[in-house]
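The following exercises concern the structure shown below. Each task is followed by a solution in steps.

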Amino acid sequence: MTTQPSNDSSKSKLSWSARFAQSPLLLRIAQAWEALLARRWLLPVLLVIGLALSFLIPQFRLVNEYVQLIMMYVGINIIMTISLNLINGYMGEFSVGHAGFMAVGAYIGALLTTQVLPYAWLEGPLVMIVFPLIVLAGGAGAALVGLLVAVPSFRTRGDYLAIVTLAFNMIVKSVIENIEAIGGPRGIPGIDKLTTMPWVFFWTVLAVWVIRNFIYSNFGRGVLSLREDEIASDLMSVNTRQVKLLAFVLSSFFAGIGGALFAHLLQFISPRVFDIIKSTDFLIMVYLGGIGSIGGSVLGATIYTVLLEVLRPLQVWRFVLMPLLLVFLMLYRPRGIMGLREFRWFVPNSELLVGKKKEVGNAAAD
Amino acid sequence: MSAASLPTSSPRSDDQIPLLAVRDLVISYGNILAVKGISFDVYEGEIVTLIGANGAGKSTTLRGISGLVPYSGDIWYQGQSLRRVPADQIVGRGIAQVPEGRGIFGNLTVLENLKLATWQRKDKGAIADDYERVFKIFPRLQERQSQLSGTLSGGEQQMLAVGRALMSRAKMMLLDEPSMGLAPVLVRDIFQVVQEINRQGTTVLLVEQNANMALRVASRAYVLETGTITLAGTGEELLKDPRVREAYLGG
């Protein structure tokens with residue numbers, strides 16, 4: 001997806017305050033926001049608080065179980081959104097089959113739990129070691145499949161690659177439907193509820209951290225250059241195949257992680273859960289939050305998931321209201337909430353310094 | 001096969017080995033033959049220009065050299081064939097191209113654009129020197145290093161494109177229509193920079209429609225017409241050649 005160059009750089013310092021300069025109240029809010037963002041040490045502090053809460057909330061039932069469930073869905077959806085954003089936002093491809101990777105992870109995880117591993121392993125303290133391995137296995141399986149989808153991306157781009165990923169999603173669904181040994185169209189019921197809030201928190205933070213570090217690495221810069229101009233990135237010595245392969249593998253790995261967590265939270269999976277509609281949900285979260293933005297992915301996943309629940313009393317009408325909201329969002333903020341911009345908390349220190357110190361020597365110190 | 005045994009069609013008759021030797025290059029897009037078996041040499045330290053009208057096959061030739069399109073015939077660089085060498089490795093061997101239309105990464109900053117050209121390089125110390133060199137040639141880029149490159153003016157973008165090619169520490173630079181879309185005064189600046197880069201030791205292969213400017217800076221030149229080389233000579237010779245004057249310099 002090509003995007004028009006614009007003035008609102010992720011590095012520009014007065015983005016918010018400049019825009020709201022007219023209103024004194026908003027200006028004060030903006031200043032407070034800026035001051036907040038400047039305090040980078042707050043991020044690790046918030047992480048520790050979040051980790052503590054993830055243990056405390058279920059332990060002392062600080063919120064009811066329904067809200068706890070939604071919070072865990074938010075976490076899983078953040079993992080899914082951020083991994084899809086790597087392909088659709090940062091690399092500028094258009095993958096529409098993300099639920100396919102999720103299905104692979106979910107089924108591998110669910111099968112390990114229900115059919116392969118002895119039940120004794122899932123009891124007592126042993127589960128603390130076994131469950132992460134189950135989730136990792138789901139991620140690894142999805143990553144392998146991601147490798148297969150990356151290969152057509154060497155030859156085709158844009159709409160055509162979208163068709164490939166669409167086909168992939170359909171293939172995964174019908175393959176699962178036709179293998180009786182893994183439940184066929186009936187799916188797998190009675191999966192142990194191993195996904196707990198601390199685990200969701202852990203995997204979500206891990207996904208955000210890994211993908212953020214990837215994006216600001218040399219490889220990540222290669223991913224960005226692919227979005228901007230593939231031929232030019234070839235001419236800049238970027239090994240485009242290697243970069244595409246790595247991006248697809250990383251993206252599908254985390255989709256698989258999300259799938260395995262999802263299976264052990266819902267406790268029941270079937271091929272129908274992972275159809276195109278599910279992929280569309282993740283697409284909406286990516287474009288709602290904004291392409292090419294980690295902060296945007298977190299926001300998009302959170303807002304969409306929570307809104308769908310809040311609007312539940314409207315019943316069928318929420319599927320009228322939500323798309324309408326999206327239409328208006330695209331009219332007034334065509335790049336999503338955070339399109340191509342970033343919360344400064346997610347930008348590494350080294351990147352922020354470059355803009356301030358103009359010396360050549362510092363510029364080179366990556 | 002060594003490069004010394006190659007047939008030489010160069011006007012220079014000494015036994016120097018060409019840095020780049022193109023032999024019977026044929027490139028087609030589907031059924032359309034864009035380049036119909038051309039051969040030419042570029043020697044170290046030269047500025048060689050390919051001039052010709054739209055659709056003559058100039059850009060296609062450069063794309064072939066950079067490994068962006070498949071071709072038959074052969075391209076030799078420092079005595080080694082470039083056939084089947086992937087594009088990113090060709091840059092690593094020392095051939096950098098400034099593509100037509102600049103190929104700037106518009107949503108990335110100037111600095112990120114420059115950084116990308118060092119993607120495969122591991123020599124951090126030398127990279128720092130190269131930033132210094134690029135910023136010395138283009139002080140404007142240093143001022144704007146944290147600006148999104150899509151917001152640069154056309155001239156600045158062209159500077160960035162050339163600066164990027166310099167960052168890959170190329171021995172040879174392929175320039176595709178650097179004057180395109182620029183005001184005459186900027187065109188002159190860009191050509192001055194090309195000459196300066198050449199004086200610092202980079203061999204230049206220049207593709208241009210602006211024949212007048214290109215021939216003035218070139219040591220040697222080839223005229224390309226619908227995929228074949230019709231004329232060759234030094235820049236001065238071709239500037240005076242009546243056929244060139246009529247076709248490209250407006251009589």
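Two residues are in contact if their C-beta atoms, placed from the backbone, lie within 7 Å. The model is a predicted one, in which local features need pLDDT of at least 70 and side-chain atom pairs count only at pLDDT 80 or more, while totals for chains, interfaces and linings use all residues. Residues are numbered from 1 along each chain as its sequence is written, and chains are lettered from A and ligands numbered from 1 in the order in which they are written.

**Exercise 1.** Determine how many residues chain B and chain A bring to their contact, and describe the side of chain B.

*Solution.* Step 1: chain A contributes 30 residues and chain B 33 residues. Step 2: α2 (87-93), α3 (110-116) and α4 (124-137) of chain B are the elements that give two or more residues to the side touching chain A; helices (H or I, at least four residues) and strands (E, at least two) are DSSP runs, numbered from the N terminus. Step 3: α4(B) gives the most to this side, with five residues. Step 4: the side of chain B that touches chain A comprises 15 nonpolar, 13 polar and five charged residues. Here Ala, Val, Leu, Ile, Met, Phe, Trp, Tyr, Cys and Pro count as nonpolar, Asp, Glu, Lys and Arg as charged, and the others, Gly among them, as polar.

**Exercise 2.** Describe how helix α9 (residues 218-228) and helix α11 (residues 240-266) of chain A cross.

*Solution.* Step 1: their axes, which are lines fitted to C-alpha atoms over the stretch in contact, with angles from 0 to 180 degrees between N-to-C directions, come within 9 Å and cross at roughly 100°. Step 2: α9(A) and α11(A) are therefore roughly perpendicular, the term for angles of 65 to 115 degrees. Step 3: α9(A) makes the contact through F219(A), G222(A), V223(A) and L226(A), and α11(A) through T240(A), V243(A), L246(A) and A247(A). Step 4: these residues divide into six nonpolar, two polar and no charged.

**Exercise 3.** Are Q78(B) and R84(B) exposed or partly exposed, and where does each lie?

*Solution.* Step 1: most residues other than glycine have a negative phi. Step 2: Q78(B), not a glycine, has a positive phi of about 50°, and it lies in the loop between β4 (72-77) and β5 (80-81) of chain B. Step 3: Q78(B) counts as partly exposed because it has 17 C-beta neighbours inside 10 Å; a residue is buried with 20 or more other C-beta atoms within 10 Å of its own, exposed with 12 or fewer, and partly exposed in between. Step 4: R84(B), also not a glycine, has a positive phi of about 65° and lies in the loop between β5 and α2 of chain B. Step 5: R84(B) counts as exposed, with 7 such neighbours inside 10 Å.

Methods:
Angles under 35 degrees count as roughly parallel, over 145 as roughly antiparallel, 65 to 115 as roughly perpendicular and the rest as oblique.
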